[in-house]
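Reader: I have a new model open and would like to go through it. Can you start with the terms?

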Amino acid sequence: LLTNVALIGLMAHFSDGVNPFTAAVQIVRGLGPTYPVHVLLGILLVVLWAPVGIGPFSSVLIVGPLWLTQWALSRDADERRSHTRTVSTLMGALEVATPYSIGHSSRVADLTDRMAPRLGIVGESAEALHSAALLHDLGLVSTTPRVPRGTMPNDVSYLAAIQEHPEAGVRMLSDIEFLAPAIPGILHHHERYDGLGYPAGLVGKHIPLFARVIAVADAFDSLTTNRSYRDEMSATEAVKSLRARAGTHLDPDVVAAMAEVLEVHPWETTRISERVLLTGVDANDHDDPIVSDEYAAWQPESDGLRA
């Protein structure tokens, strides 16, 4: 066990830049308890076979519960596959409704997966963050048709319409039990560290961690993707832009994690085809940090649009 843990910790360090000791501790926490259980089962089998005198039937007594455990794990695996299909179906609906966003959610999920270990997000929490990243923009399915065409990022009509999509996404997912841990990340991924975001105007660490991680990945992917109104930035330029926003728009710790990840894993920029750009549907990329700035400058309370 210790040899395996040490080797996996080193692999994690060289592949992802993770502290090998931290990786080893996480592995022991996840797998360590199973080893003493195997030892106890082995001792019990020996005791039942010889001193107690049960003989070969002792293997049935030991293997039977193990088989039941395997059966339960198989059911859990089937359920996880069902969850994956559900998320994939929802993502498909989003990409049909917003062609310019094809691949965006997957890229954001990839970035959050890379940052998660550096931020202490592991195990089931990492899975929940992955689901939140994949579905963070699902609400656009219902809000995109209501976004006024031809508006600019500072138009009140555009800002008022686009701010509804996180809550719309949560309403669409509220009855899906396995996605409950992902909901805070989806609902609050457009909050700002300075409290000038939406939908709740949360400040700093009061913003759920999942949401802070998605916000950084969201902004980075937007900056490194071309739009009809601008070219894509290089990864280096995008990180520089994120660092300039640390402490106002974005969480400084998450921005630092993103920068560390990109030092280990270079990022390829994304180019959207001219055919999609010519449709004009991306006239305002709501994930573009300039839209967040326009929203912060607007503040709907002053226009009487919020209770």
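Author: Start with exposure: buried means under 20% relative accessible area, exposed means over 50%, and partly exposed is in between, with a 1.4 Å probe and protein chains only. By that rule His265 is partly exposed, because its relative accessible area is 23%.

Reader: What should I know about where the model and the values come from?

Author: This is a predicted model, in which local features need pLDDT of at least 70 and side-chain atom pairs count only at pLDDT 80 or more, while totals for chains, interfaces and linings use all residues. Residues are numbered from 1 along each chain as its sequence is written, and side-chain values use heavy atoms, with hydrogens and water left out.

Reader: Back to His265, where is it found, and what does it touch?

Author: His265 sits in the loop between α13 (252–264) and α14 (274–277). Leaving out residues up to four places away in sequence, His265 touches Ser15, Asp16 and Arg114. Contact means heavy atoms within 4.5 Å. From Arg75, His265 is 190 residues apart in sequence and 35 Å apart in space, C-alpha to C-alpha.

Reader: How many helices and strands does the chain have?

Author: There are 15 helices and zero strands. Helices (H or I, at least four residues) and strands (E, at least two) are DSSP runs, numbered from the N terminus. The C-alpha trace spans about 85 × 40 × 40 Å along its principal axes.

Reader: What share of the residues is buried?

Author: Of the 307 residues in the chain, 42% are buried. As for contacts with a separation of 6 or more, 67% are between residues 24 or more positions apart.

Reader: Now the helix pairs. At what angle do α5 and α6 pack?

Author: Helix α5 (residues 104–115) and helix α6 (residues 123–135) pack at about 155 degrees, and their axes are 7 Å apart. Axes are lines fitted to C-alpha atoms, for helices over the stretch in contact, and angles run from 0 to 180 degrees between N-to-C directions. The two helices are therefore roughly antiparallel, a label for angles over 145 degrees.

Reader: Which residues make that contact?

Author: On α5 they are Ser105, Ser106, Val108, Ala109, Thr112 and Asp113, and on α6 they are Leu129, His130, Ala133 and Leu134. By class, five are nonpolar, four polar and one charged. Here Ala, Val, Leu, Ile, Met, Phe, Trp, Tyr, Cys and Pro count as nonpolar, Asp, Glu, Lys and Arg as charged, and the others, Gly among them, as polar.

Reader: And α3 with α4, what is the angle there?

Author: The axes of α3 (residues 34–49) and α4 (residues 57–97) cross at roughly 150 degrees and come within 8 Å. That makes α3 roughly antiparallel to α4. The α3 side of the contact has Leu41, Leu44, Leu45, Leu48 and Trp49, and the α4 side has Ser58, Ser59, Leu61, Ile62 and Leu66. Eight of these residues are nonpolar, two are polar and none is charged.

Reader: Which residues does the cis peptide bond join?

Author: Tyr198 and Pro199, with omega about 10 degrees. Pro199 is in the loop between α10 (183–187) and α11.

Reader: How many residues of α11 are buried?

Author: In α11, 14 of its 15 residues are buried.

Reader: One more: is Leu140 buried or exposed?

Author: Leu140 counts as buried, because its relative accessibility is 1%. Leu140 lies in helix α7 (residues 140–143) and touches residues including Leu94, Tyr100 and His286.

Notes:
Angles under 35 degrees count as roughly parallel, over 145 as roughly antiparallel, 65 to 115 as roughly perpendicular and the rest as oblique.
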